[in-house]
Amino acid sequence: MRFLVIPEDFRNDQHILKPVLTSLLASLGFARPKLRVCNDPLIGGIGEALKPERLAEVVDRYRGMVDVFLLCVDRDADPHRRARLDKIESHFAPRACLIACEAWEELEIWALAGLDLPGPTRWGDIRAERDVKERHFTPLAASRRLESEPGGGRRTLGIEAAKRVDRIRQLCPEDFDRLAVRLAALRLREP
């Protein structure tokens, strides 16, 4: 199957999404999944990523080349984000397989979940943090001297986290594991 991941902004997000989701698909038994991150057009933020007309540009451009569109955005402490994503999925259901997911609270949480973290901070505190990127991810990248690499450490940390997708599923049940379950259901329909 061919997957196109639609992030809010691919410039940083691709470095976590590509390795982690590729590893997830392999763990689910997809036969040679092809996954790419949409970089054309640049979506440019959550406001644009949630506009059906903006997503229609992507779906129309890549229809026929892609079997599954994965919209991956941050939850950003918005309790209504899931309902909005459900509406988007329904909007596209007649013409494309679009699965939307929201990382609680930011995409960087998936990378953190796959890593051994330094210090005494409890996972529950990290998971509940609204500003995961600023409070936990960026300091970790800086402590490992990764802030000057592409994605500010996301490339290295995303690759490392991808080796432990089962752990990410366990620590992020509301978002990452929910996505895994939905993808597994697609796997059953794979030719």
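Predicted model: local features only at pLDDT ≥ 70, side-chain atom pairs only at ≥ 80, totals over all residues.
**Pockets, cores and one buried glutamate**

Colleague: Where is E149 found, and what makes it buried?

Modeller: E149 is in the loop between helix 7 (132-143) and helix 8 (154-162); helices are DSSP runs of H or I with at least four residues, strands are E runs of at least two, and both are numbered from the N terminus. Its relative accessible area is 13%, and buried means under 20% (exposed is over 50%, partly exposed in between, with a 1.4 Å probe and protein chains only), so E149 is buried. Leaving out residues up to four places away in sequence, E149 touches R154, R155 and T156, contact being heavy atoms within 4.5 Å.

Colleague: Which residues of helix 3 are buried, and what covers them?

Modeller: In helix 3 (residues 52-62), R54, L55, A56, V58, V59 and Y62 are buried. Their cover includes strand 1 (2-7), strand 2 (34-37), helix 2 (46-49), strand 3 (68-74), helix 4 (81-92) and strand 4 (98-103). After helix 3 comes G64, with a positive phi near 95 degrees.

Colleague: What makes a set of residues a nonpolar core?

Modeller: Its members are buried Ala, Val, Leu, Ile, Met, Phe, Trp, Tyr and Cys residues, joined through side-chain atoms within 4.5 Å. The largest has 45 residues, and L21, L70, W110, F176 and L183 have the most contacts inside it. Helix 1 (residues 10-27) provides the largest share of this core, seven residues. Another core, of 21 residues, lies apart from it, with V66, F69, I88 and A96 among its members. As for L70, beyond its neighbours within four places in sequence it contacts F3, L4, V5, I6, L21, I99, L179 and L183.

Colleague: How do you know that a space is a cavity or a pocket?

Modeller: On a 1 Å grid over the protein atoms alone, a cavity is a set of points where a 1.4 Å probe fits but cannot get out, whereas a pocket is open, with protein on both sides within 12 Å along at least five of seven lines; an atom within 4 Å of a point makes a residue part of the lining. The whole structure holds one cavity of 30 Å³ or more. The largest cavity has a volume of about 40 Å³, and helix 10 (173-187) gives the largest share of its lining, five residues.

Colleague: And what is the volume of the largest pocket?

Modeller: About 190 Å³. L117, P118, T121, I126 and H136 are the closest to its centre among the 14 lining residues. Helix 7 gives the most to this lining, with four residues.

Colleague: Which residues line the second largest pocket?

Modeller: E8, D9, N12, D13, D74, D76, E106, L107, E108, K133 and R154 do. Asp, Glu, Lys and Arg count as charged, so nine of these residues are charged, with one nonpolar and one polar.

Key: Residues numbered from 1 in each chain as written. Heavy atoms only, no water. Points joined across faces, edges and corners; volume = space filled by probe spheres on them.
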